[in-house]
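Here is a short briefing on one protein chain. Look over the sequence and the model before reading on.

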Amino acid sequence: FSLYNICSNLTKDGDVAIYMPIDLLGYIDNEKDLLKEFESGSKNFTNFLKAIKLKKGVKGILVIDSFDSARSAKVQDFYLQLIGKVITELSDDWNVIVSARLYDAKKSSILLNLFSNHTNEDQQLDQDSDITCRHFIINELETNEVEKYIESNSKFLKVYKESHDEFKNLLKTPFNLWL
């Protein structure tokens with residue numbers, strides 16, 4: 001359901017997946033502060049990634065989640081430069097995944113250019129023709145998917161059952177359900 005869970009499952013299987021939720025990391029606009037979050041003694045982030053042991057023939061996955069939550073131009077620029085360095089210097093060993101809301105993905109020409117060499121090959125994926133790189137769109141959840149989640153969270157079940165249809169429709173957006 002979430003990128004965090006996907007990363008956790010990959011890690012359990014012995015793969016390497018690093019989850020970086022920009023919205024939870026706070027105001028980080030330099031490698032030194034970012035590396036503190038990982039308790040790393042490396043001088044730069046690419047060296048940190050190079051030092052991680054990967055299974056032979058399997059790439060590591062760097063997930064930058066909530067790129068759109070970086071509202072400061074300085075923070076956005078930092079992450080864009082970081083993504084660019086990983087793509088340029090470590091593409092043989094690492095894949096980069098960036099999550100962003102559709103609006104923000106379309107408006108960041110630098111982000112689109114970083115991934116411009118990667119086009120969608122799978123025509124089965126839901127896509128937006130304005131985004132010229134490999135991507136997929138997470139559609140609204142079905143009512144039964146929302147209800148399944150709600151049933152697993154007993155504290156929220158009463159609120160959900162007593163709420164109006166407009167509120168229930170808001171919960172079909174995964175981000176809103178998370179909130």
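**Sheet and helices at a glance**

In strand β3, N95 is the bridge partner of I61. The model is predicted. The chain holds 11 helices and 3 strands.

**The sheet**

- Three strands form an open sheet: the 3 strands are ordered β1-β2-β3, and the pairing is parallel.
- β1 (17–21) and β3 (94–98) are the edge strands. Each has a single partner strand, so one side of each is left without a neighbour in the sheet.
- From one strand to the next, the twist averages 15°.
- Strand β2 covers residues 60–65 and runs parallel to β3. The two are joined by 5 bridges.

**Helices on the sheet**

- Helix α1 spans residues 3–12 and packs on the sheet. Helix α1 touches β1 and β2. The direction of α1 makes about 160° with that of β1.
- Helix α5 spans residues 73–90 and also packs on the sheet. Its contacts take in β1, β2 and β3. The direction of α5 makes about 150° with that of β3.

**The chain as a whole**

- Read from the N terminus, the elements run α-β-α-α-α-β-α-β-α-α-α-α-α-α.
- The chain has 179 residues, and 34% of them count as buried.
- Among contacts with a separation of 6 or more, 62% link residues 24 or more positions apart.
- The accessible surface comes to about 11900 Å². Carbon and sulfur atoms account for 49% of that surface.

Definitions and conventions. Residues numbered from 1 in each chain as written. Predicted model: local features only at pLDDT ≥ 70, side-chain atom pairs only at ≥ 80, totals over all residues. Heavy atoms only, no water. Pairing = 2+ DSSP bridges. Helix = DSSP H or I, 4+ residues; strand = E, 2+ residues; numbered from the N terminus. Axes fitted to C-alpha atoms, helices over the stretch in contact; angles between N-to-C directions. Contact = heavy atoms within 4.5 Å. Buried < 20%, exposed > 50% of the residue type's maximum accessible area, 1.4 Å probe, protein only. Areas by Shrake-Rupley, 256 points an atom, 1.4 Å probe, with all protein chains shown as cover.
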